[in-house]
Structures are given as C-alpha cells and as structure tokens.
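Subject: Structure handover

Hello,

Please find the structure for your work below.

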Amino acid sequence: MRISGFGIVILSVLIFYFVEISVHARPVVLVLSNDDLNSGGDDNGVGESTDFDEFGESEPKSEEELDPGSWRPIFEPEDSTVQAASPQYYSGLKKILSAASEGNFRLMEEAVDEIEAASSAGDPHAQSIMGFVYGIGMMKDKSKSKSFLHHNFAASGGNMQSKMALAFTYLRQDMHDKAVQLYAELAETAVNSFLISKDSPVVEPTRIHSGTEENKGALRKSRGEEDEDFQILEYQAHKGNANAMYKIGLFYYFGLRGLRRDHTKALHWFSKAVEKGEPRSMELLGEIYARGAGVERNYTKALEWLTLAAKEGLYSAFNGIGYLYVKGYGVDKKNYTKAREYFEKAVDNEDPSGHYNLGVLYLKGIGVKRDVRQATKYFFVAANAGQPKAFYQLAKMFHTGVGLKKNLEMATLFYKLVAERGPWSSLSRWALEAYLKGDVGKALILYSRMAEMGYEIAQSNAAWILDKYGERSMCMGVSGFCTDKERHERAHSLWWRASEQGNEHAALLIGDAYYYGRGTERDFVRAAEAYMHAKSQSNAQAMFNLGYMHEHGEGLPFDLHLAKRYYDQALQSDATARLPVTLALASLWLRRNYADTILVRVVDSLPEVYPKVEAWIENVVFDEGNATILTLFVCLITILYLRERQRRQVVVADQVAADVAQPLDADVAQHLAAFQR
C-alpha cells in the first residue's frame with residue numbers, strides 16, 4: 001500500500017481527504033511529473049466512452065437505490081416498503097443491534113441464526129452480514145475464507161457494503177487490478193449521491209479518542225439539539241437571524257453536528273432564511289427541488305431559486321444552472337453553449353466546481369472542441385481545492401490511461417477517497433449517536449462494520465472502545481462475551497489495519513502489543529518494526545522506544561550511539577519529552593562509564609521493580625478495607641499534628657504576654673518619666 005514516487009515537479013495536489021486533517025492522519029502530497037502526463041493527446045476514444053458520462057440521461061437515484069440493503073431503515077425509518085422487501089434480513093439486523101446494546105448474547109445467537117437462514121435462502125444483504133460475522137468471529141468461529149466467500153456472494157447480489165469490504169481486502173494485498181474495479185463502481189455510486197451544483201459537506205467520521213483519551217472537544221460538537229452552541233444558534237434563528245436560519249437548515253439537510261437528517265425542517269429554515277434574502281439558502285432550495293428531497297421534484301422551481309442565488313452573488317449557483325442546461329431540465333431544451341457560459345462564470349469567480357464542470361465539457365467535447373489536456377488542467381485545479389468529483393475524474397484518467405499515464409495504484413487510491421463518501425458512510429453518524437448516548441455496544445458494532453469496509457477512523461474507534469471499555473464494550477465472541485484474548489486479538493487486528501493507513505498512534509499501540517505481549521505473542525523484532533512505522537510519521541514516543549530498544553539490545557542491535565540519536569530525535573520532535581529523554585540520556589551515560597557495575601544493574605532492575613511497587617499500592621494500599629484504615633490513620637495523624645501546632649502557638653503567646661507584663665527597670669522608668677516631662 002505504498003504510493004509510488006514521482007520525478008520532475010510540474011503540479012502538486014494536496015489531498016484533503018475531504019475532511020479536516022487529523023493529528024493521526026497526516027496530509028498526503030502527490031507530485032506529478034511530465035512522465036505521468038499521457039502524450040497520446042486526444043486520440044483515445046474518450047468521446048465514444050460512456051465511462052465519462054457525467055451529464056448522462058439518467059435521473060438522480062434515491063439513497064435506497066444507491067445503497068441496497070442500507071441500515072438506514074432501522075435508524076431513520078421513513079418507508080416501510082424497504083424493510084418489507086427483505087423482512088428476515090432486517091429482523092435479524094435489528095436483533096443484532098439490540099443484542100449489542102443490551103449485552104444479550106442469547107439474543108445475538110438468535111439474530112445470527114436468523115441472518116444465516118436468510119443468507120442460505122440467497123438474500124445478498126444477509127450474506128453480507130454473515131461475511132461480517134465470520135470476519136470478526138461473532139457467534140461463529142473466525143474464518144477469513146468464509147467471510148470472503150459470503151462477501152463475494154453479497155457483492156454479486158448488489159450489496160455495496162460488501163463491495164467496500166472486498167475492495168479493501170484486495171487493496172491490503174496490493175491486488176490493485178481487482179481493487180480498482182470495485183472502487184471505481186463504488187466511487188461512481190458516491191458521485192451520484194453528490195449535489196448537482198457544488199460539493200456537499202462531509203459526514204465526517206468523528207475520531208472519538210485523542211491518543212489514549214476520549215476526544216471531548218470533538219464529541220461536544222456532535223451532541224445535536226442538546227449542544228449548547230446549537231441551542232444558541234436556534235435562539236438566534238427564532239429571533240430572525242438569517243445566517244442562523246441557514247446554518248440550522250444546513251445541519252438538518254445533511255445531518256451534521258449530531259442532528260438527524262430532516263428535509264422537512266431543512267426546507268422550513270431555508271424558506272425562512274430566503275425571506276431575509278439569504279442567498280446560500282436560495283441555492284440549497286434549488287438543490288432540494290432538483291433532487292425532490294422532502295418535496296416533489298420541480299426543475300422549474302430549482303432553476304428559479306438557483307438564478308436568484310446567482311443574482312445575489314453566490315457564484316457556485318452558476319454550476320447548478322449550467323447543469324440544468326446540459327441536462328435540459330427546467331429549460332426549453334438542452335443548450336451546451338449557455339451551460340459553458342455559466343460554468344465559465346463560476347470559474348471566473350474561482351469556484352472549484354466550475355473548473356470541474358468545464359473539465360467535463362472539454363473531456364467529452366460537449367459544446368467545445370474536445371481537449372483532454374485542457375480537461376486535465378481543470379480537474380487538477382478543482383482537485384487542489386478539494387472537489388471530490390475532480391478526484392473521481394482523475395482516478396478514471398489514471399485507470400484508463402486517458403490524459404494521464406495508466407497507474408492502477410493511484411487510481412485505486414483516488415477512487416477509495418471518493419467511495420468513502422458514499423451513502424454507506426452514514427454508519428459513522430449512527431455509531432457516534434450511539435456512543436454519545438452511552439450505548440457502547442451498538443457503537444462498537446457499527447464502527448466494526450465500517451472498519452471492515454476500510455474506514456481508518458472507524459478502525460481506530462472500534463479498537464479504542466475495545467481497549468478502553470474492556471468487558472463493558474459488550475464485545476461478542478465465538479460463544480458469548482469476548483474473552484480477554486479475543487478482545488485483545490480483535491483490537492490488535494483493528495489497530496494494525498489503521499496503522500497500515502497512516503495512523504501513527506495505531507502503529508505505536510501495535511508496537512506496544514508486541515513488546516508487552518498484549519493480545520499476541522511477545523516479539524521484540526515485530527515491535528521494533530511497528531515502532532519504525534510510527535517513527536516514520538514523526539511520532540516522538542516511537543523514537544524514544546526505539547532508543548530504549550537499542551540501549552538494551554531488545555529486537556534491535558545493542559548500539560548506544562543509535563540509542564542517543566533516537567532519544568535526541570524524540571526531544572526534537574516533541575519538547576514535552578524533555579524529562580524522560582534527560583533520564584534516558586543519564587542512563588546511557590551510566591551505561592557507558594560504569595558498564596557491568598552494580599549501579600547499572602540497579603538501573604536495569606527499575607522496569608521490573610516499578611510494576612511490583614505499582615501492584616503493591618493497588619492491591620494492598622488501595623484495597624477497600626486497607627484504604628479505609630489508611631484514610632483514618634492519615635486523618636488521625638493530621639489531627640494530632642494540628643493539635644500539637646496549636647499547643648505550641650499557645651505556649652509562644654503566653655511567653656510573649658509574660659514579657660510584656662514584667663515591671664520596668666528603675667533606671668529605665670526614671671529616664672522615661674524625664675522624657676515625658
């Protein structure tokens with residue numbers, strides 16, 4: 001899963017991953033060279049290919065059509081006919097989620113049996129769940145082969161979540177030829193769910209932890225209507241603040257900030273906002289009517305609202321108008337010339353979606369002379385601004401060798417970035433909702449499902465829940481609740497997958513697992529490999545650990561010079577490491593100058609002594625009965641000390657009073673009397 005290097009720089013693209021960059025996942029910078037540009041010009045038959053049919057004749061599809069077998073009917077039931085199509089599957093899925101919430105392994109057994117029966121009857125969505133069950137070893141013996149087989153059948157039956165799982169499996173094995181085919185299909189589905197005029201906000205999987213601690217800052221912003229900031233915003237909206245109205249409408253429309261999607265409420269707040277002249281709400285009303293989201297689809301009204309938004313200076317609305325002219329929706333007939341003019345207006349105002357749409361016109365020769373190189377330039381500008389559809393087109397170029405030299409590895413990477421924005425990403429929102437409500441078991445199931453599909457944040461979230469909550473995680477194993485071994489092995493597997501995708505904290509924990517033998521056999525060599533992986537991402541703790549291993553010759557050659565180098569690098573990378581690095585350097589000095597002495601042996605014994613002292617404090621001092629006696633003893637000592645201190649103060653005060661009360665010496669009294677006269 002390495003990204004190949006490139007030569008002469010002519011253009012660089014920063015992949016935003018479409019989300020705010022996390023401290024755990026560093027930005028990826030891709031640099032292209034002249035060698036990567038295809039010199040084949042326009043003679044690639046692109047004009048006849050339907051692979052680039054961005055402005056095709058098909059109507060926008062519903063989310064149920066885009067993601068068959070979706071879990072949405074359980075979390076956001078709107079249409080009972082969806083569940084009626086696969087009653088046994090949805091019944092079993094409901095029971096799985098209920099069993100995870102309640103910690104009821106009997107109900108989980110019943111649920112898995114029901115899903116297995118539906119799977120045997122040929123239901124592809126039930127087969128997908130069985131692939132998940134075998135993959136994690138829940139009520140069934142863990143089996144990669146059976147998991148793969150069930151996902152394969154499910155994917156053949158149209159289940160998109162199984163396609164995500166299979167694609168990620170192929171990607172981990174560097175089988176890019178197979179991974180790229182699946183990710184291409186998934187990315188196309190994701191693109192079909194995007195807005196017509198501009199990029200939609202990301203339903204970003206929230207990282208519920210920061211290192212080993214809960215990420216309280218991110219969680220506070222995801223509490224929906226209970227969030228104090230949202231309540232203030234709602235108050236401002238009721239008082240007539242147009243910007244607040246727009247923001248609330250946006251939150252409800254996309255299901256952001258922990259809110260459930262509610263198109264009716266979104267329409268209400270957008271309509272209130274446009275009464276105040278709020279242009280962004282006008283544009284989104286155009287989107288709503290074009291999509292038929294919560295209202296009857298009406299392209300004429302969509303055009304009216306988009307035109308009003310454009311007149312108010314919202315240049316991204318030009319894209320929606322241009323799109324309608326390309327498709328011939330809400331207008332007299334298709335007009336490619338007008339479409340191009342509107343896209344150019346958007347480009348003139350530096351709107352990234354305008355660059356993307358012009359790129360499509362030049363790529364297909366719609367209303368302009370076909371020019372693949374010009375299209376490529378437009379796509380790169382749009383991608384550099386984070387436009388997901390542009391990444392999709394670049395992925396297709398790398399995939400087919402049109403405009404860019406064929407590169408399946410790059411195509412797979414770009415397709416994956418887009419595919420992870422598909423309708424199935426809603427699982428992250430429901431997982432976060434469950435976690436915020438204290439339903440850790442349901443959150444674990446949902447994050448585990450997303451982890452199987454290749455979402456790095458979900459992998460680290462699920463692993464963190466297993467490590468943090470232990471038995472309270474409601475982890476279900478082969479024959480009931482997970483044993484400690486099962487839980488550690490599952491967490492280890494999740495951390496490992498996350499580390500492969502660039503999560504430095506995960507790589508560090510993998511190293512710790514091998515070093516201490518947590519959930520796996522103790523292996524210093526593999527621990528060093530994991531620390532090296534974390535070190536390559538500038539992790540100070542990993543650098544320190546590598547220095548320690550060189551100092552003691554554990555998994556790495558005994559080398560005090562390399563040990564010092566790693567300790568110094570740890571301090572350079574993180575100033576807060578000053579104390580441990582200073583102590584480690586002192587240890588190195590002792591080892592170098594007093595080798596084979598009792599002083600060095602004492603230092604080496606400290607790692608063994610510390611756990612024993614810690615265990616003694618925990619088992620003896622903090623034992624419930626002993627802790628009570630110790631507390632009473634401390635209170636008694638404190639009282640005796642205060643009483644003694646008070647007694648001493650009284651004695652001192654009596655001595656001072658006695659000195660004041662003594663009669664004056666006769667000579668002193670005489671001089672004092674003379675002075676007064």
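Ground rules. This is a predicted model, where local features need pLDDT of at least 70, side-chain atom pairs count only at pLDDT 80 or more, and totals for chains, interfaces and linings use all residues. Residues are numbered from 1 along each chain as its sequence is written, and side-chain values use heavy atoms, with hydrogens and water left out. Helices are DSSP runs (H or I, at least four residues), numbered from the N terminus. Buried means under 20% relative accessible area, exposed means over 50%, and partly exposed is in between (1.4 Å probe, protein chains only).

Salt bridges. The criterion is a side-chain nitrogen of Lys or Arg within 4 Å of a carboxyl oxygen of Asp or Glu. The count comes to 19 salt bridges. Here are some of the details.

- Glutamate 114 and lysine 95 meet at 2.8 Å, N to O. Glutamate 114 lies in helix H5 (residues 105-120) and lysine 95 in helix H4 (residues 87-102), so the pair ties together parts that are 19 residues apart in sequence. Glutamate 114 is buried at 16% relative accessible area. Lysine 95 is partly exposed at 22%.
- Arginine 591 and glutamate 551 form a salt bridge at 3.2 Å, N to O. This pair links distant parts of the chain, with arginine 591 in helix H30 (residues 578-593) and glutamate 551 in helix H28 (residues 540-552), 40 residues apart. Arginine 591 counts as buried at 11% relative accessibility. Glutamate 551 counts as buried at 2%.
- Glutamate 214 and lysine 216 form a salt bridge at 3.2 Å, N to O. Glutamate 214 is partly exposed at 26% relative accessible area. Lysine 216 is exposed at 59%.
- Arg72, Glu76 and Arg429 are linked in a salt-bridge network.

Rings. Rings of Phe, Tyr and Trp (its six-membered ring) pair if their centres lie within 6.5 Å; planes under 30 degrees apart count as stacked, over 60 as edge-to-face and the rest as tilted. The structure holds 24 aromatic pairs. One of them joins tryptophan 496 and tyrosine 514, edge-to-face, at 6.5 Å centre to centre and 90 degrees between the planes. Tryptophan 496 sits in helix H25 (residues 484-500) and tyrosine 514 in helix H26 (residues 504-516), so the pair ties together parts that are 18 residues apart in sequence. Tryptophan 496 is partly exposed at 28% relative accessible area. Tyrosine 514 counts as buried at 5%. Elsewhere, ring pairs link Tyr246, Tyr253, Phe254 and Phe270 into a cluster.

Helix H19. This helix (residues 372-384) has 13 residues. From first C-alpha to last, H19 reaches 18 Å, close to the 18 Å expected at 1.5 Å a residue. The expected span is 1.5 Å times one less than the number of residues. Buried residues in H19 include Val372, Ala375, Tyr378, Phe379 and Ala383. Aspartate 371 caps the N-terminal end of H19, with a side-chain oxygen 3.2 Å from the backbone nitrogen of arginine 373. Just after H19, glycine 386 takes a positive phi of about 90 degrees.

Most residues other than glycine have a negative phi. Which way does phi go at aspartate 174, positive or negative? Aspartate 174 has a positive phi of about 60 degrees, although it is not a glycine. The residue is found in the loop between helix H8 (160-172) and helix H9 (176-192). Aspartate 174 is partly exposed, at 41% relative accessible area. Glutamate 350 also has a positive phi of about 60 degrees and is not a glycine. Its loop runs between helix H17 (336-348) and helix H18 (352-364). Glutamate 350 is exposed at 70% relative accessible area.

Glycine 422 lies in the loop between helix H21 (408-419) and helix H22 (427-436). Glycine 422 counts as buried at 2% relative accessibility. Glycine 422 and alanine 190 are 232 residues apart in sequence, yet 4.0 Å apart in space, C-alpha to C-alpha.

Surface patch. Trp589, Tyr594, Ile598, Leu599 and Val602 form a nonpolar patch on the surface, with about 510 Å² of accessible area together. Patch residues have over 30% relative accessible area and no salt bridge, and nonpolar side chains (Val, Leu, Ile, Met, Phe, Trp, Tyr) are joined within 5 Å. Helix H31 (residues 598-621) gives the largest share, three residues. Valine 602, in helix H31, is partly exposed at 44% relative accessible area.

Best wishes

Definitions and conventions
Patch = residues over 30% accessible without salt bridge, like charges linked within 9 Å, V, L, I, M, F, W, Y side chains within 5 Å. Areas by Shrake-Rupley, 256 points an atom, 1.4 Å probe, with all protein chains shown as cover. Helix = DSSP H or I, 4+ residues; strand = E, 2+ residues; numbered from the N terminus. Polar contact = N/O pair within 3.5 Å; in protein donor to acceptor, adjacent residues only side chain to side chain.
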